[in-house]
Amino acid sequence: MPTQRFWEHKALDDMNEEEWEALCDGCGRCCLLKLEDIDTDKLFYTNVVCEYHDNRHCCCTQYSDRSLLVPDCIKVTPEVARTQTWLPDSCAYRLLAEGKPLFDWHPLLSGDPDSVHDAGISIRDRVISEEFVHSDELPEHLVHWFD
Ligand code: SF4
Ligand code: SF4
């Protein structure tokens, strides 16, 4: 078990693997397909999710092989957390990289892995797999997820 509230006194770069993995709140938002406006570089989220996402359990079914199977699946590292704005505002890695606290629905604070779902943050039961959506239809699936 990671030390209690380790994220409050450890830098992202100093976390061990167990601590790093525990930081993921399991929202699944990073697995959504996104569209980019080529004029502004702005990203827009859809309600379409990677084919390897298990919607029922809200997790990746190929976590250890994800980078091999999905070249666009970028492993989150401290550097990614500091620089990549495609990570949603609610992402624990991004929050800590920006010097912000975790939300109280984060399972590390609530002690309940379901709190991210109960708070309406996760994509569980709110998405459709990319297996069922042609890429030309993606613009029809744009969704405003975050505030
Ligand atoms: S957005 Fe961040 S916290 Fe949510 S599943 Fe992805 S890596 Fe984990
Ligand atoms: S491979 Fe897994 S972690 Fe990567 S985008 Fe797909 S479901 Fe998410």
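The legends below describe close-up views of a predicted model.

Residues are numbered from 1 along each chain as its sequence is written, and chains are lettered from A and ligands numbered from 1 in the order in which they are written. Because the model is predicted, local features need pLDDT of at least 70 and side-chain atom pairs count only at pLDDT 80 or more, while totals for chains, interfaces and linings use all residues; side-chain values use heavy atoms, without hydrogens and water.

**View 1. Confidence along the protein.** The mean pLDDT (the predictor's confidence in each residue, from 0 to 100) is 94 for the protein, and 98% of the residues score at least 70. Helix H4 (residues 92–97) has the highest confidence, at 98, and helix H2 (residues 66–69) the lowest, at a mean of 94. Helices (H or I, at least four residues) and strands (E, at least two) are DSSP runs, numbered from the N terminus.

**View 2. The largest pocket.** A pocket is, on a 1 Å grid over the protein atoms alone, an open set of points where a 1.4 Å probe fits, with protein on both sides within 12 Å along at least five of seven lines; lining residues have an atom within 4 Å of a point. By type, the lining holds 25 nonpolar, four polar and nine charged residues. Ala, Val, Leu, Ile, Met, Phe, Trp, Tyr, Cys and Pro count as nonpolar, Asp, Glu, Lys and Arg as charged, and the others, Gly among them, as polar.

**View 3. The surroundings of ligand 2.** Ligand 2 sits in the largest pocket, that is, more than half of its atoms lie within 2 Å of the grid points. Around ligand 2 are Cys31, Cys50, Tyr52, His53, Cys60, Arg66, Val70 and Cys73, each with a heavy atom within 4 Å of the molecule. This shell has six nonpolar residues, one polar and one charged.

**View 4. The open sheet.** Three strands lie in the order S1-S2-S5, with mixed pairing. S1 and strand S5 (128–129) are at the edges with a single partner strand each, so one side of each has no neighbour in the sheet. Two strands pair if DSSP finds at least two bridges between them; S1 and strand S2 (residues 43–49) have four, in the antiparallel sense. Leu35 has Phe44 in S2 as its bridge partner, and Glu36 stands opposite Leu43 in S2.
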